[in-house]
Amino acid sequence: MKTVAQILKSKSVDTVYKVRPTDSVLDALTLMAEARIGAVLVSEDDRSVVGIFTERDYARKVALMGRTSVNTPVRDVMTSAVRYVTPEQSNEDCMSLMTEHRIRHLPVMKDGELVGLLSIGDLVKDIMSEQQFVIDQLENYIMGGGAALAGGSPSRPS
């Protein structure tokens, strides 16, 4: 199982999009639409995380509550209890945390500073890559008679 640090290194895009707590929901939604992402971190500076704003927050706390995106600051509808992981944790740790808390995004923190963001898609992509590697190795083993993985020619019964 890969670590969070390894998964972050393999991501094609490492940009973490952020908004300020005072930004309007419309500003956050515009950024999310332009970047084609489902969440933005909420930060008062470049290092800390005070919340996360997701499409789910918009649906449940803005649209359904009759608020307007233009007049509502992100701080009023963001999720403040942000779950996070460290670079040393595994994909399995992340998947367990996401499943248990029904979340789709995990900030990655190291020594109290933000170093990245993982989505459920990043983790699924990593799992699929690992599974494909195992499938390829098994196919090579079967097609090659087992010699490649066994370290020599297969033994024959006497």
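Which residues form a negative surface patch? Select Glu-44, Asp-45, Glu-88, Asp-111 and Glu-113 to see the patch. Keep in mind during the tour that this is a predicted model.

**Stop 1**

Is Glu-44 buried or exposed? Its relative accessibility is 62%, and exposed means over 50%, so Glu-44 counts as exposed.

**Stop 2: the three-stranded sheet**

Now select the strands on both sides of this loop. β2 and β3 pair in the antiparallel sense, over four bridges. To find one of the paired positions, select Val-42 and look across to β3, where its bridge partner is Gly-51. The three strands make an open sheet in the order β1-β2-β3, and the pairing is mixed. β1 (18-19) and β3 are at the edges; each has a single partner strand, so one side of each has no neighbour in the sheet.

**Stop 3: the hairpin of β4 and β5**

Go back to the negative patch and pick Asp-111, another of its members. Asp-111 sits in the turn of a hairpin formed by β4 and β5, with two residues between the strands. The phi angle of Asp-111 is positive, at about 50°. Select residues 105-110 for β4 and follow its pairing with β5, which is antiparallel and extends over six bridges. Two pairs of residues can be picked out here. Pro-107 stands opposite Leu-117 in β5, and Met-109 stands opposite Leu-114 in β5.

How many residues of each strand are buried? In β4, five of the six residues are buried, and the strand is mostly covered. Strand β5 (residues 113-119) is also mostly covered, with five of its seven residues buried.

**Stop 4: a positive patch**

Select Arg-56, Arg-60, Arg-102 and Arg-104. These arginines gather on the surface in a patch of positive charge. Centre the view on Arg-60, which belongs to helix α3 (residues 55-63). Arg-60 has a relative accessible area of 53%, so it is exposed.

**Stop 5: helix α5**

Move on to helix α5, residues 120-143. Select Ile-127, which is located in this helix. The relative accessibility of Ile-127 is 26%, so this residue counts as partly exposed.

**Stop 6**

With a relative accessible area of 52%, Phe-133 is exposed.

Terms used:
Residues are numbered from 1 along each chain as its sequence is written. This is a predicted model: local features need pLDDT of at least 70, side-chain atom pairs count only at pLDDT 80 or more; totals for chains, interfaces and linings use all residues. Side-chain values use heavy atoms; hydrogens and water are left out. Patches are made of residues with over 30% relative accessible area and no salt bridge: like charges are joined within 9 Å, nonpolar side chains (Val, Leu, Ile, Met, Phe, Trp, Tyr) within 5 Å. Accessible areas come from the Shrake-Rupley method with a 1.4 Å probe; for residues, only the protein chains shown count as cover. A salt bridge is a side-chain nitrogen of Lys or Arg within 4 Å of a carboxyl oxygen of Asp or Glu. Lys and Arg count as positive and Asp and Glu as negative; His and the chain ends are not counted. The place of a charge is taken as NZ of Lys, CZ of Arg, CG of Asp or CD of Glu. Buried means under 20% relative accessible area, exposed over 50%, partly exposed in between (1.4 Å probe, protein chains only). Two strands pair if DSSP finds at least two bridges between them.
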